[in-house]
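Subject: Structure for handover

Dear colleague,

Here is the structure I said I would pass on. Please look it over before you read my notes.

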Protein chains: 2
Amino acid sequence: MEGLQKFPPRPTGAGDLFQLFRDGAPRTRASLVSETGQSRSTVAARIDALTAIGLLAPAGEATSTGGRPPSTFAFAPTNRVVLGVDLGATHARLAVTDLAAGTLASTQAPLAISEDPERVLSWVAETGSSLVAEAGRSLDELAGVGIGLPGPVDHANGRPVNPPIMPGWDGVDVPGFLHRLLGAPVVVDNDVNVMALGEHRTACPDEQNLLFVKVATGIGSGVVMDGELRRGAQGAAGDIGHVAVPGAPEVPCRCGNSGCLEAIAGGGAIAHRLRQGGARIDTTQDIVDLVRGGDIAAGQAVRQAGRDIGMVLATSVSMLNPARIIVGGMLSGAGEHLIAGIREVVYQRSLPLATQHLRIVTSSAGAQAGVIGAATLVTDRFLAPHAIDALITDKEDT
Amino acid sequence: MEGLQKFPPRPTGAGDLFQLFRDGAPRTRASLVSETGQSRSTVAARIDALTAIGLLAPAGEATSTGGRPPSTFAFAPTNRVVLGVDLGATHARLAVTDLAAGTLASTQAPLAISEDPERVLSWVAETGSSLVAEAGRSLDELAGVGIGLPGPVDHANGRPVNPPIMPGWDGVDVPGFLHRLLGAPVVVDNDVNVMALGEHRTACPDEQNLLFVKVATGIGSGVVMDGELRRGAQGAAGDIGHVAVPGAPEVPCRCGNSGCLEAIAGGGAIAHRLRQGGARIDTTQDIVDLVRGGDIAAGQAVRQAGRDIGMVLATSVSMLNPARIIVGGMLSGAGEHLIAGIREVVYQRSLPLATQHLRIVTSSAGAQAGVIGAATLVTDRFLAPHAIDALITDKEDT
């Protein structure tokens, strides 16, 4: 009876068949026949086509149940490479990955994003090219470049939109500039979306609905629903730093309103509170160090920030009904205090139906979430069913 | 340069081509060649296939630019019919529509949802069958049944989950029961999602990101992102009746928490406040009547409810970045007071990037949103690209 809710037909092209292989597990023709309900000849033809474009490869023989053991096939992710770039306010991380976002070479360096964008992007292209060479590959093999920037990005054209901490980047044609230097397609998104994607694909690829929250000097989030990043009408979805916190004091915020989440629970607000108590704090990292060193006031301040963030996340849980909230960003490194505060409020303030299966966890990809997510921006497009079908058509036409 | 952000290949099957026709406009082969970039022979073959399964039909001749005028083709939505069912706490609305959700026959009746579900569903099947006959069609032509219920529904299997106002329905196999009586696929969702879908497809089908808010005795919302309803992990997305309102008094709520949106701004809360001021109010409709009659206290109470709802919607706007908020439900009938209160707070409390193109409007589909949305649950599946491709394959195989 379950099938009644869904209508029977389902996608059946070679590109769709390939999606099954993205989990990395090898499969036989027979197992694909039973997994898809397609005929043996259809499955065999599609495996041939996917092998011809280099995305599948023989993966040895399965255990025989009598007679000649059947051949297995698996995703061949090293056919092409991807450049993932994570630019923060003061750092850059780059990685060359295969098509399964497995790292082949990586590097990181301090970098001031507020510098001239052409200088920054030229450096990215140069460092990226060297990294591709270091991985023993050439730019001809580059399937694309994914890049996360620390500010709002118009997803339709990849240009930053009034980015507060990088004002010189407003409207800059980042994809066009990097394309001219590297010769591959370029996808740009904001850093929190990119981290959300990286966490999704590394920590819980089977979870279709999750919310990633970055807690650092600023606070932001990335929304994954039905397995995809959701960006909203202007790409601003998840931008929760300036929502009002229920029950919080009316602290003035730099945005002009008061009682905003960032003004109450961001790294700057915590530092301000601890300095009033006599602590010597310059950066958000100093807060993390104090908490880890066992400072009670700092631990309490981070836990209260977690509660305040929890008040906003409780509303988000009702709105989005995620299966998982993943907490990342520098302050998530301050032990269990932050997440304990978040859990305390979210589980108390949300409806049972939305929280009965909800898990609230700390980021597991950590600092790598950004570059992996940036590479995934590319592989999701390169390996989309219709993109693969087009590769097959091109191959057959030549 | 714009294409760099998106990867070049795009879907090209007959089912994809058909989607262009869903706007109802007739097209020539030549206009489809330029719209899709496909070859003339490919377009011609796909039009033939879509005509053979009865979803396209010739639509006369376009204006000639010399020589024989070119033939046009258009969506033929009357090929099959759909039954849309909107069940509320105390009413039922049913409509037989074509595949473009155009109404062919409709009816409504009082109905107590708290009654035995088998009795209610048997009545729905009987009334639906009569309505199909009234439209001059037979049950063989029924593409599916869509149904909205006033409570949480597990979208995976179409069964209600602990529905507060219809406790006898918990876990009932609604799709299986109706399928046995009507012989067509059945899709079930909660009433607010169904209204959101109905508003989306009738009022603003080109808007990809919107939030529909129902304000009546209870308060709930439906989330459309990237053109589709988003239901979250357990189908509870949009369930905002019990989120805490920033800055609101700690009024106890029936859910056990206090300061919940419904306890402060729902029809019951407004009625309670007005009764304390001496007004005679039994139902939410009485509030609407008082406001329409010019009662100042009632108008002020509804406007304040709008402001309280606005506090929660401001957070939702930051989270989802919708292009439009559509306000429906019985209290939206109380003139401009409700929406004025919502606008006042949302525009003040949300970030400029998220509100610069945001429109906040009153429902235009009104009471019909439910049945149209219920029918759309079916047509979206029946007319999905892969479903159409499967229909074509079936036709060619016979």
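Below are my notes on the chain interface, the symmetry and the domains.

Please keep in mind that this is a predicted model.

Chain interface

The interface between chain B and chain A brings 74 residues of chain B into contact with 75 residues of chain A. About 5900 Å² is buried between the two chains, and carbon and sulfur atoms account for 62% of that area.

In a salt bridge between B:Asp226 and A:Arg230, the N to O distance is 2.7 Å. There are also 20 residue pairs in polar contact across the interface of chain B and chain A, both residues of each pair being at pLDDT 80 or more. On the side of chain B that touches chain A, helix 10 of chain B (residues 296-320) gives the largest share, with seven residues. By residue class, that side of chain B consists of 39 nonpolar, 25 polar and ten charged residues.

Symmetry

Chain B can be superposed on chain A by a rotation of 180 degrees with a shift of 0.1 Å along the axis, and the RMSD is then 0.1 Å. The two copies are therefore related as by a two-fold rotation axis. Within chain B, the residue that comes closest to the rotation axis is B:Pro246, whose C-alpha is at 1.8 Å. Both copies use the same surface, since 100% of the contact residues of chain B recur in chain A.

Domains of chain A

Chain A splits into domain 1, made of 80-195 + 370-382, and domain 2, which covers 205-363. The C-alpha centres of domain 1 and domain 2 of chain A are 27 Å apart. Domain 1 of chain A puts ten residues into the contact and domain 2 of chain A puts in eleven residues.

The area buried between domain 1 and domain 2 of chain A is about 850 Å², with 54% of it from carbon and sulfur atoms. On the domain 1 side, A:Val192, A:Asn193 and A:Met195 lose the most area to domain 2 of chain A, and together they make up 59% of what that side buries.

Two salt bridges are found across the interface of domain 1 and domain 2 of chain A. A:Asp189 and A:Arg231 form a salt bridge in which the closest N and O atoms are 2.6 Å apart.

Which elements of chain A each supply at least two residues of the side of domain 1 that touches domain 2? They are strand 10 (186-190), helix 6 (191-203) and helix 13 (369-382) of chain A. Helix 6 of chain A contributes the largest share of that side, four residues. The residues of the side of domain 1 of chain A that touches domain 2 divide into four nonpolar, three polar and three charged.

Salt bridges overall

Over all chains, the structure holds 30 salt bridges. In one of chain A, the side chains of A:Asp191 and A:Lys214 meet at 3.1 Å, N to O. A:Asp191 belongs to helix 6 of chain A and A:Lys214 to strand 11 (residues 210-215) of chain A, so this pair ties together parts that are 23 residues apart in sequence.

Regards

Terms used:
Residues are numbered from 1 along each chain as its sequence is written. Chains are lettered from A and ligands numbered from 1 in the order in which they are written. This is a predicted model: local features need pLDDT of at least 70, side-chain atom pairs count only at pLDDT 80 or more; totals for chains, interfaces and linings use all residues. Side-chain values use heavy atoms; hydrogens and water are left out. Contact means heavy atoms within 4.5 Å. Buried area is the accessible area (1.4 Å probe) that two parts lose on being put together, summed over both. A salt bridge is a side-chain nitrogen of Lys or Arg within 4 Å of a carboxyl oxygen of Asp or Glu. A polar contact is a pair of N or O atoms within 3.5 Å; within protein, one must be able to donate a hydrogen and the other to accept it, and residues adjacent in sequence count only if both atoms are side-chain atoms. Ala, Val, Leu, Ile, Met, Phe, Trp, Tyr, Cys and Pro count as nonpolar, Asp, Glu, Lys and Arg as charged, and the others, Gly among them, as polar. Copies are superposed by least squares on the C-alpha atoms of residues with pLDDT of at least 70 in both. Domain bounds come from an automatic or database domain assignment.
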